[in-house]
Amino acid sequence: MKRIARFEKVSREQFEKDFLDTFGAESKEECLAAWEQVCVPKRATTGSAGYDFISPVAITLSPGESMKVPTGIRAAMEKGWVLQIYPRSGLGFKYRLQLNNTVGIVDSDYYHSDNEGHIFVKLTNDSREGKTLSLEAGSGFAQGIFMEFGITQDDETEAVRNGGFGSTGA
């Protein structure tokens, strides 16, 4: 196995800014408790490909509902690698839990963004059986897998990232 990355918590200041932007200013007291719940993703076993992301907040999603989760995590990785984020398999199977962008893509240069590379995960409970998803703060809800990638032989990209969603023009 190649050791190509490390997870870190974003600063408390960045987490607070993003948390309050997500949940509103009335959630300031909950923000500190959520910050304390943030822990770096870990693999469950030596054979696991995915690093489990732990939710810093309780998640309750009725069928059809969505929620943006500020993870409090950033990922430093070598160039030529990407972090792909998926729902935890069991939650996808039981609740049709899905990421709104299908697969989260975290590029290596996102780490240096203005928001410290803070990883967000937007979830939707797509249950067609009327199941409500309820997870306590501190529960695993997503998994990240590092994948190596290549580029075309004629690639001449020189742009530098400075932001998150949509910062590269999409």
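The side chains of Glu-16 and Lys-28 form a salt bridge, with N and O 2.7 Å apart; the term stands for a side-chain nitrogen of Lys or Arg within 4 Å of a carboxyl oxygen of Asp or Glu. Glu-16 sits in helix α1 (residues 12–23) and Lys-28 in helix α2 (residues 28–37), so this pair ties together parts 12 residues apart in sequence. Helices here are DSSP runs of H or I with at least four residues and strands are runs of E with at least two, numbered from the N terminus.

Both partners are partly exposed: Glu-16 has a relative accessible area of 25%, and Lys-28 has 48%. For reference, buried means under 20% relative accessible area, exposed means over 50%, and partly exposed is in between (1.4 Å probe, protein chains only).

## About the model

This is a predicted model, in which local features need pLDDT of at least 70 and side-chain atom pairs count only at pLDDT 80 or more, while totals for chains, interfaces and linings use all residues. Residues are numbered from 1 along each chain as its sequence is written, and side-chain values use heavy atoms, leaving out hydrogens and water.

## Other salt bridges

Side chains of opposite charge can pair when their charged atoms come close. Searching the whole structure turns up 8 salt bridges. One of them joins Asp-126 to Arg-96, with the closest N and O atoms 2.8 Å apart. This pair links distant parts of the chain, 30 residues apart: Asp-126 is in the loop between β9 (120–125) and β10 (133–135), and Arg-96 is in the loop between α3 (89–95) and β7 (97–99). Asp-126 is partly exposed at 23% relative accessibility, and Arg-96 is partly exposed at 32%.

Asp-126 also meets the side chain of Arg-128 in a salt bridge, 3.5 Å from N to O. Arg-128 counts as exposed, at 63% relative accessibility. Elsewhere, a network of salt bridges links Arg-6, Glu-8 and Arg-74.

## A buried threonine

Now for Thr-71, which is found in the loop between β4 (66–70) and β5 (73–77). Is Thr-71 buried or exposed? With a relative accessible area of 1%, Thr-71 is buried.

A polar atom of the Thr-71 side chain lies 3.1 Å from the backbone nitrogen of Ile-73. Setting aside neighbours within four places in sequence, Thr-71 is in contact (heavy atoms within 4.5 Å) with Phe-15, Val-38, Phe-53, Pro-56, His-118, Ile-119, Val-121 and Phe-141.

Methods:
A polar contact is a pair of N or O atoms within 3.5 Å; within protein, one must be able to donate a hydrogen and the other to accept it, and residues adjacent in sequence count only if both atoms are side-chain atoms.
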